[in-house]
Amino acid sequence: MLSGATILRYLERLRVPRPGRPTTAALFALHRAHVERVPYETLEIQLGRPTSIDPGESVERILGGRGGYCYHLNGAFAALLSSLGYRVTWHLAGVQAGADSPAGANGNHLALTLACEGRTWFADVGLADALYTPMPLREGTYSQAGMTFGLRASEAAPGGWRFDHDPQGSFPGMDFRAGPASPADFMAQHEYLSTSPESPFATTACVFRRDAHGVDVLRGCVLTRIDGEGRRKHELTTDQAWFAVLRARFGLALDDLSGSERHGLWNRVREVHLAREAMSQVS
């Protein structure tokens, strides 16, 4: 459980007042604020500074102005919700990276459910360009913030659930098991994602931020806005433009980085981008 002072700092980071009691309305407000103000990002891996998935450390990371990926974001959010009186359950989950990838709850994702006011909710602030608000844990189709999602029984995780992403989304879907999970269940996948040179997080810097109308995505040097008007892309060709977008669009000042670290991060991102452009021209 988080201390009273930490809860207040977390709520200040989200710019949300402390709820008087656990309510569905407060849950939705907290979820919206989290995906709007705490970005999904993998920059520490690009910097060669992999982090732990201890919920307390993830909370401090967020309070320091950073984001993270699913283990950090959902782990910290679960700690906040539990400290506010919600009954939260961790679930072993797996994001299906592409249509040709196998579905299943392989532990590459942490999903959350919680009970509130007589209903069970699926909440996920660590699913990149997906949920803006929680979804009822029942089969159906749900539209929110410019995207349409599906929730149904999972064929790959018997007894569990399948989340089907919007066709515009960055992945086809995600499966999660019904039973509870603990941080130890995710350690192997976290080590792979944060340290393996074959990890997609190691090869490409990515940052996501959801809002009420759509999603901002930064992959390498390409900034994409997806909303009701479609998909618009813009290439960032200088380090000044890249870091300015991180600050203005995603709230990532990165003030803790030295000049050499900033220079090294940009060079890495730009080199990968140029290499991919060269490969696409050859093919």
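Trainee: Is Ala-145 buried or exposed, and why does it count that way?

Mentor: Happy to! This is a predicted model, in which local features need pLDDT of at least 70 and side-chain atom pairs pLDDT 80 or more, while totals for chains, interfaces and linings use all residues. Numbering runs from 1 along each chain as its sequence is written, and side-chain values use heavy atoms, without hydrogens or water.

Ala-145 counts as buried because its relative accessibility is 15% (buried is under 20%, exposed over 50%, partly exposed in between, with a 1.4 Å probe and protein chains only). You will find Ala-145 in the loop between strand 6 (140-144) and strand 7 (147-153); strands are DSSP E runs of at least two residues, helices H or I runs of at least four, numbered from the N terminus. Although Ala-145 is not a glycine, its phi is positive, about 50°.

Now look at Ala-128, in the loop between strand 4 (119-123) and strand 5 (135-136). This residue is not a glycine either, and has a positive phi of about 55°. With 17% relative accessibility, Ala-128 counts as buried.

In the contact (heavy atoms within 4.5 Å), helix 2 contributes Leu-27, Leu-30, His-31 and His-34, and helix 5 contributes Leu-73, Phe-77, Leu-80 and Leu-81.
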